[in-house]
Amino acid sequence: MADPEDPAPADLERENRILERRLRRLEANVQRMEEFQDTNSTILSGLLRDLEAERARSQRLLLNVLPQRIIDRLNAGETLIADRHGDATVLFSDFVGFTAISSQLSPADLVEELNALFRAFDAICDAHGVEKIKTVGDAYLAVGGLAETDGDAASAIAETALDMISAVERRGSAKADWRNRIGIHLGPIVAGVVGVSKFAYDVWGDTVNVASRLETTSEPGRIHVSAAVSERLADRFVFESRGAIDLKGKGALETCFLVGRRGSG
(Lines give C-alpha, C1' and ligand atoms only; values in the text may rest on other atoms or scores of the structure.)
Protein backbone atom coordinates (compact mmCIF):
# COMPACT_ATOMS: atom_id res chain seq x y z
CA MET A 1 0.00 0.00 0.00
CA ALA A 2 1.43 3.35 -1.01
CA ASP A 3 2.43 5.83 1.67
CA PRO A 4 0.19 8.87 1.38
CA GLU A 5 3.22 11.08 2.03
CA ASP A 6 5.13 9.66 -0.97
CA PRO A 7 5.15 12.06 -3.95
CA ALA A 8 2.98 11.13 -6.85
CA PRO A 9 4.66 9.96 -10.08
CA ALA A 10 3.51 13.13 -11.83
CA ASP A 11 5.15 15.26 -9.15
CA LEU A 12 8.40 13.30 -9.45
CA GLU A 13 8.37 13.74 -13.20
CA ARG A 14 7.79 17.48 -12.82
CA GLU A 15 10.62 17.82 -10.30
CA ASN A 16 12.87 15.81 -12.55
CA ARG A 17 12.16 18.13 -15.48
CA ILE A 18 12.92 21.18 -13.29
CA LEU A 19 16.19 19.62 -12.18
CA GLU A 20 17.11 18.81 -15.78
CA ARG A 21 16.44 22.42 -16.84
CA ARG A 22 18.55 23.71 -13.96
CA LEU A 23 21.33 21.29 -14.86
CA ARG A 24 21.26 22.39 -18.51
CA ARG A 25 21.42 26.05 -17.44
CA LEU A 26 24.30 25.26 -15.11
CA GLU A 27 26.13 23.37 -17.87
CA ALA A 28 25.55 26.29 -20.28
CA ASN A 29 26.89 28.76 -17.72
CA VAL A 30 29.94 26.61 -17.12
CA GLN A 31 30.52 26.38 -20.88
CA ARG A 32 30.20 30.17 -21.26
CA MET A 33 32.65 30.65 -18.40
CA GLU A 34 35.11 28.28 -20.06
CA GLU A 35 34.70 30.06 -23.39
CA PHE A 36 35.19 33.38 -21.60
CA GLN A 37 38.32 32.05 -19.95
CA ASP A 38 39.63 30.77 -23.30
CA THR A 39 38.91 34.13 -24.91
CA ASN A 40 40.61 36.01 -22.08
CA SER A 41 43.55 33.64 -22.24
CA THR A 42 43.85 34.20 -26.00
CA ILE A 43 43.62 37.97 -25.57
CA LEU A 44 46.17 37.90 -22.76
CA SER A 45 48.56 35.76 -24.79
CA GLY A 46 48.22 38.14 -27.72
CA LEU A 47 48.87 41.14 -25.49
CA LEU A 48 51.95 39.48 -24.03
CA ARG A 49 53.24 38.68 -27.53
CA ASP A 50 52.64 42.27 -28.63
CA LEU A 51 54.35 43.56 -25.49
CA GLU A 52 57.38 41.33 -26.06
CA ALA A 53 57.58 42.38 -29.72
CA GLU A 54 57.40 46.05 -28.71
CA ARG A 55 60.05 45.52 -26.06
CA ALA A 56 62.34 43.88 -28.62
CA ARG A 57 61.67 46.71 -31.08
CA SER A 58 62.46 49.31 -28.42
CA GLN A 59 65.66 47.45 -27.56
CA ARG A 60 66.74 47.45 -31.22
CA LEU A 61 66.02 51.17 -31.50
CA LEU A 62 67.90 51.87 -28.27
CA LEU A 63 70.90 49.91 -29.51
CA ASN A 64 71.07 52.33 -32.44
CA VAL A 65 71.67 55.09 -29.90
CA LEU A 66 73.52 53.48 -27.00
CA PRO A 67 75.95 50.57 -26.57
CA GLN A 68 74.52 47.51 -24.83
CA ARG A 69 76.75 47.99 -21.78
CA ILE A 70 75.38 51.54 -21.34
CA ILE A 71 71.79 50.31 -21.69
CA ASP A 72 72.49 47.70 -19.00
CA ARG A 73 73.80 50.39 -16.65
CA LEU A 74 70.79 52.62 -17.23
CA ASN A 75 68.45 49.66 -16.64
CA ALA A 76 70.31 48.96 -13.40
CA GLY A 77 69.38 52.44 -12.16
CA GLU A 78 72.39 54.59 -13.02
CA THR A 79 71.28 58.12 -13.83
CA LEU A 80 74.65 59.66 -14.67
CA ILE A 81 76.87 57.88 -17.19
CA ALA A 82 80.29 59.54 -17.38
CA ASP A 83 83.51 57.55 -17.83
CA ARG A 84 87.13 58.48 -18.36
CA HIS A 85 89.10 56.26 -20.74
CA GLY A 86 92.84 56.70 -20.52
CA ASP A 87 93.82 55.15 -23.85
CA ALA A 88 91.18 55.41 -26.56
CA THR A 89 91.71 55.78 -30.31
CA VAL A 90 89.48 58.24 -32.16
CA LEU A 91 88.65 58.23 -35.88
CA PHE A 92 86.96 61.00 -37.86
CA SER A 93 85.97 60.63 -41.50
CA ASP A 94 84.22 63.02 -43.83
CA PHE A 95 83.65 63.35 -47.56
CA VAL A 96 85.62 65.74 -49.73
CA GLY A 97 83.51 68.37 -51.49
CA PHE A 98 80.33 67.32 -49.73
CA THR A 99 78.74 70.77 -50.01
CA ALA A 100 79.13 70.71 -53.80
CA ILE A 101 77.89 67.12 -54.01
CA SER A 102 74.81 67.90 -51.90
CA SER A 103 73.91 70.78 -54.19
CA GLN A 104 74.15 68.56 -57.29
CA LEU A 105 72.08 65.61 -56.06
CA SER A 106 68.38 65.46 -55.35
CA PRO A 107 67.54 65.02 -51.65
CA ALA A 108 66.48 61.41 -52.28
CA ASP A 109 69.71 60.58 -54.15
CA LEU A 110 71.84 62.28 -51.51
CA VAL A 111 70.25 60.36 -48.65
CA GLU A 112 70.42 57.10 -50.62
CA GLU A 113 74.14 57.57 -51.33
CA LEU A 114 75.01 58.57 -47.76
CA ASN A 115 72.97 55.69 -46.37
CA ALA A 116 74.85 53.17 -48.52
CA LEU A 117 78.24 54.61 -47.54
CA PHE A 118 77.47 54.82 -43.84
CA ARG A 119 75.97 51.32 -43.82
CA ALA A 120 79.27 50.09 -45.24
CA PHE A 121 81.14 51.99 -42.51
CA ASP A 122 78.87 50.49 -39.84
CA ALA A 123 79.63 46.97 -41.08
CA ILE A 124 83.37 47.72 -41.05
CA CYS A 125 83.20 49.01 -37.47
CA ASP A 126 81.28 45.90 -36.38
CA ALA A 127 83.83 43.65 -38.09
CA HIS A 128 86.73 45.24 -36.21
CA GLY A 129 85.00 45.69 -32.85
CA VAL A 130 85.07 49.47 -33.14
CA GLU A 131 82.28 51.60 -31.72
CA LYS A 132 80.45 54.01 -33.97
CA ILE A 133 79.58 57.09 -31.94
CA LYS A 134 77.59 59.20 -34.38
CA THR A 135 77.26 60.81 -37.78
CA VAL A 136 76.92 64.57 -38.18
CA GLY A 137 76.13 65.55 -41.75
CA ASP A 138 78.79 63.77 -43.78
CA ALA A 139 81.11 63.27 -40.79
CA TYR A 140 81.48 59.85 -39.17
CA LEU A 141 82.95 59.40 -35.69
CA ALA A 142 84.15 56.05 -34.34
CA VAL A 143 86.20 55.14 -31.26
CA GLY A 144 88.13 52.10 -30.12
CA GLY A 145 88.96 51.30 -26.50
CA LEU A 146 85.70 52.21 -24.78
CA ALA A 147 84.78 48.69 -23.66
CA GLU A 148 86.78 46.58 -21.22
CA THR A 149 86.68 43.73 -23.71
CA ASP A 150 88.34 45.81 -26.45
CA GLY A 151 91.71 44.42 -27.47
CA ASP A 152 94.22 46.50 -29.41
CA ALA A 153 92.04 49.53 -30.07
CA ALA A 154 94.65 51.46 -32.06
CA SER A 155 95.20 48.54 -34.44
CA ALA A 156 91.45 48.00 -34.82
CA ILE A 157 90.94 51.66 -35.71
CA ALA A 158 93.78 51.54 -38.24
CA GLU A 159 92.18 48.49 -39.90
CA THR A 160 88.84 50.27 -39.87
CA ALA A 161 90.29 53.36 -41.53
CA LEU A 162 91.98 51.36 -44.31
CA ASP A 163 88.76 49.45 -44.97
CA MET A 164 86.73 52.67 -45.05
CA ILE A 165 88.99 54.19 -47.68
CA SER A 166 88.79 50.98 -49.74
CA ALA A 167 85.00 50.79 -49.38
CA VAL A 168 84.57 54.31 -50.79
CA GLU A 169 87.01 53.63 -53.64
CA ARG A 170 85.27 50.35 -54.53
CA ARG A 171 81.78 51.75 -54.40
CA GLY A 172 82.08 54.26 -57.19
CA SER A 173 78.98 56.13 -58.30
CA ALA A 174 77.76 57.81 -61.43
CA LYS A 175 75.87 60.21 -59.21
CA ALA A 176 78.85 61.70 -57.33
CA ASP A 177 82.62 61.55 -56.96
CA TRP A 178 82.80 60.22 -53.41
CA ARG A 179 86.19 60.44 -51.70
CA ASN A 180 86.75 60.48 -47.97
CA ARG A 181 89.57 61.65 -45.74
CA ILE A 182 90.29 60.38 -42.26
CA GLY A 183 92.04 61.61 -39.12
CA ILE A 184 93.16 59.42 -36.20
CA HIS A 185 94.59 60.26 -32.78
CA LEU A 186 94.87 58.36 -29.51
CA GLY A 187 94.86 59.34 -25.86
CA PRO A 188 92.47 59.97 -22.95
CA ILE A 189 88.82 60.89 -23.53
CA VAL A 190 85.60 61.23 -21.56
CA ALA A 191 82.50 59.33 -22.71
CA GLY A 192 78.97 59.65 -21.40
CA VAL A 193 75.25 60.05 -22.00
CA VAL A 194 73.79 63.52 -22.37
CA GLY A 195 70.25 64.76 -22.94
CA VAL A 196 66.84 63.51 -21.86
CA SER A 197 64.26 63.37 -24.64
CA LYS A 198 66.89 62.90 -27.36
CA PHE A 199 69.80 61.57 -25.37
CA ALA A 200 73.06 60.54 -26.99
CA TYR A 201 76.25 58.70 -26.13
CA ASP A 202 79.14 61.01 -26.99
CA VAL A 203 82.86 61.56 -26.39
CA TRP A 204 84.85 64.65 -25.45
CA GLY A 205 88.40 65.74 -24.84
CA ASP A 206 91.56 67.01 -26.48
CA THR A 207 92.10 63.63 -28.16
CA VAL A 208 88.78 64.03 -29.97
CA ASN A 209 89.66 67.59 -31.01
CA VAL A 210 93.06 66.57 -32.41
CA ALA A 211 91.54 63.69 -34.40
CA SER A 212 89.04 66.15 -35.89
CA ARG A 213 91.84 68.57 -36.83
CA LEU A 214 93.81 65.73 -38.43
CA GLU A 215 90.80 64.84 -40.54
CA THR A 216 90.25 68.40 -41.77
CA THR A 217 93.92 68.71 -42.75
CA SER A 218 94.06 65.29 -44.42
CA GLU A 219 93.98 64.72 -48.17
CA PRO A 220 91.37 62.95 -50.33
CA GLY A 221 91.62 59.18 -49.97
CA ARG A 222 94.23 59.40 -47.21
CA ILE A 223 94.44 58.63 -43.50
CA HIS A 224 96.14 61.38 -41.49
CA VAL A 225 97.45 60.26 -38.09
CA SER A 226 99.38 61.76 -35.21
CA ALA A 227 102.93 60.75 -34.34
CA ALA A 228 101.54 58.95 -31.29
CA VAL A 229 99.52 56.66 -33.57
CA SER A 230 102.39 55.94 -35.96
CA GLU A 231 104.75 55.17 -33.07
CA ARG A 232 102.22 52.80 -31.49
CA LEU A 233 101.59 50.89 -34.72
CA ALA A 234 104.93 51.10 -36.53
CA ASP A 235 105.53 47.34 -36.29
CA ARG A 236 102.21 46.41 -37.94
CA PHE A 237 101.44 49.21 -40.39
CA VAL A 238 103.28 51.31 -42.93
CA PHE A 239 103.39 55.08 -42.46
CA GLU A 240 104.59 57.96 -44.59
CA SER A 241 105.93 61.00 -42.76
CA ARG A 242 104.17 64.24 -43.55
CA GLY A 243 106.29 66.46 -41.34
CA ALA A 244 104.98 69.19 -39.08
CA ILE A 245 101.42 70.30 -39.83
CA ASP A 246 99.78 73.30 -38.23
CA LEU A 247 96.61 72.17 -36.46
CA LYS A 248 94.10 74.77 -35.34
CA GLY A 249 94.46 75.40 -31.63
CA LYS A 250 97.43 73.01 -31.33
CA GLY A 251 100.22 74.58 -33.37
CA ALA A 252 102.66 72.56 -35.46
CA LEU A 253 102.58 68.79 -34.81
CA GLU A 254 104.44 65.93 -36.46
CA THR A 255 102.02 63.81 -38.44
CA CYS A 256 102.01 60.87 -40.86
CA PHE A 257 99.81 59.21 -43.42
CA LEU A 258 98.76 55.61 -42.75
CA VAL A 259 99.61 53.85 -46.01
CA GLY A 260 98.85 50.19 -45.43
CA ARG A 261 99.51 46.98 -43.52
CA ARG A 262 102.96 45.49 -43.18
CA GLY A 263 103.44 42.28 -45.12
CA SER A 264 100.41 42.99 -47.32
CA GLY A 265 102.54 43.11 -50.47
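At 12% relative accessibility, C256 counts as buried, a term that means under 20% relative accessible area, with exposed over 50% and partly exposed in between (1.4 Å probe, protein chains only). The model is predicted, so local features need pLDDT of at least 70 and side-chain atom pairs count only at pLDDT 80 or more, while totals for chains, interfaces and linings use all residues. Residues are numbered from 1 along each chain as its sequence is written, and side-chain values use heavy atoms, leaving out hydrogens and water.

| Residue | Relative accessibility |
|---|---|
| C256 | 12% |
| C125 | 1% |
| T255 | 2% |

T255 lies in strand β8 (residues 251-261); strands (E, at least two residues) and helices (H or I, at least four) are DSSP runs, numbered from the N terminus. Leaving aside residues up to four places away in sequence, T255 touches L214, H224, V225, S241, R242, G243 and I245, where contact means heavy atoms within 4.5 Å.

Helix α4 (residues 107-128) packs against helix α5 (residues 153-171) at an angle of about 150°, with the axes 9 Å apart. Axes are lines fitted to C-alpha atoms, for helices over the stretch in contact, and angles run from 0 to 180 degrees between N-to-C directions.
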